[in-house]
Amino acid sequence: MLVEVRDEAGNMVNDASGGERLHEVSMVVNGVHRSAAVPARRLLSDFLRHDLGLTGTHVGCEHGVCGACTVLLGGRPIRACLQFAVMHDGAEITTVEGCARQDGELGTVQQAFRDCHGLQCGFCTPGFVTTITAYLEENPSPTEEEAREAIAGNLCRCTGYQNIVASVLRAAELRATEPRTMEPRTSEPGTTVLRAAGEAEVSP
Ligand code: FES
Ligand code: FES
């Protein structure tokens, strides 16, 4: 935990690391305004996990290869381990926690993983869930080959991928049967987003 104090110029600094300057970073994360004072070097993945307590975002390789840290920035997947939190002040981020339904039940992609046994240890799963959630917004009815291509940027050491491909197809199937409604965003009054009833918001 950072100890926040001010230097003579009034800047927030981290007393525990010899006066390192802190920056106030605010984001809408899973539809909720969140903020924390962090050093400029704080990775987005660490910001989400350590400063905001959203530990669903996993960190594997920490250099952009495995995809475990994938979150959605304005609905598009990014590697949170390759970004600094300060780069995204004011941004709208969706983590795997935001892929659940608002009532806490499993979201569509999560349910598909459960149905198809798409995970074993589960370490890679948050990155797959966010990646697939964004992909199905672009391509709601992928072929098996397209599903395989959609997850090509994420690594899994357990499953052999077959059941993850099946999960993509199952998620598309579930999604097609869900009522899609225009509902107001909670974070940005006046704008609307298309989503399944009851499902947490993912920005287009
Ligand atoms: S932890 Fe970010 S890509 Fe592996
Ligand atoms: S389920 Fe273990 S790494 Fe993918």
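This is a predicted model: local features need pLDDT of at least 70, side-chain atom pairs count only at pLDDT 80 or more; totals for chains, interfaces and linings use all residues.
Residues are numbered from 1 along each chain as its sequence is written, with chains lettered from A and ligands numbered from 1 in the order in which they are written. The protein as a whole averages a pLDDT of 88, and 83% of its residues score at least 70.

Next comes the overall layout. The protein has five helices and nine strands; these are DSSP runs numbered from the N terminus, with helices (H or I) of at least four residues and strands (E) of at least two. Read from the N terminus, the elements follow the order β-β-β-β-α-β-β-β-α-α-α-α-β-β. Of the 204 residues, 39% are buried. Here a residue is buried if 20 or more other C-beta atoms lie within 10 Å of its own, exposed if 12 or fewer, and partly exposed in between, with C-beta atoms placed from the backbone. Among contacts between residues at least 6 apart in sequence, 55% join residues at least 24 apart.

Strand S3 (20–29) has several pairing partners, where pairing requires that DSSP finds at least two bridges between two strands. Strand S2 (residues 12–14) joins S3 in the antiparallel sense over two bridges, and Val 13 has Arg 21 as its bridge partner in S3. S3 is also antiparallel to strand S4 (residues 32–39), with eight bridges between them. Along this pairing, Val 25 stands opposite Ala 36 in S4, and Ser 26 is partnered by Ser 35. The hairpin of S3 and S4 has two residues between the strands, and Asn 30 takes a positive phi near 55° there. With S7, by contrast, S3 runs parallel over two bridges, and Val 29 stands opposite Ile 93. Leu 73 stands opposite Arg 76 in S6. This hairpin has two residues between its strands, and Gly 74 takes a positive phi near 55°.

Which residues touch the most other members of the largest nonpolar core? They are Phe 47, Ala 80, Ile 132 and Val 168, in a core of 45 residues. A nonpolar core is a set of buried Ala, Val, Leu, Ile, Met, Phe, Trp, Tyr and Cys residues joined through C-beta atoms within 7 Å. Elements that each supply at least two residues include strand S5 (70–73), helix H1 (44–51) and helix H2 (108–116). H3 gives the most, with six residues. Because domain 1 (4–94) and domain 2 (108–177) both contribute residues, the core lies between them; the domain bounds come from an automatic or database domain assignment.

Since 12 of the 14 residues are buried, H3 is largely enclosed by the rest of the structure. Among the buried residues are Phe 128, Ile 132 and Tyr 135. The buried residues of H3 pack against S5, strand S6 (76–79), strand S7 (92–94), H2, H4 and H5.

Helix H5 has 16 residues and reaches 23 Å from its first C-alpha to its last, close to the expected 22 Å. Its buried residues include Ile 164, Val 168 and Ala 172, and their cover includes H2, H3 and H4. Beyond its neighbours within four places in sequence, Val 168 is in contact with Ile 132, Pro 142, Ala 147, Ala 150 and Ile 151.

Finally, Asp 51 is found in helix H1. Asp 51 counts as partly exposed because it has 18 C-beta neighbours inside 10 Å. Leaving aside neighbours within four places in sequence, Asp 51 is in contact with Ala 36 and Val 38. Asp 51 and Val 38 are 13 residues apart in sequence, with 8.2 Å between their C-alpha atoms.

Terms used. Two residues are in contact if their C-beta atoms, placed from the backbone, lie within 7 Å. pLDDT is the predictor's confidence in each residue, from 0 to 100. The expected span of a helix is 1.5 Å times one less than its number of residues.
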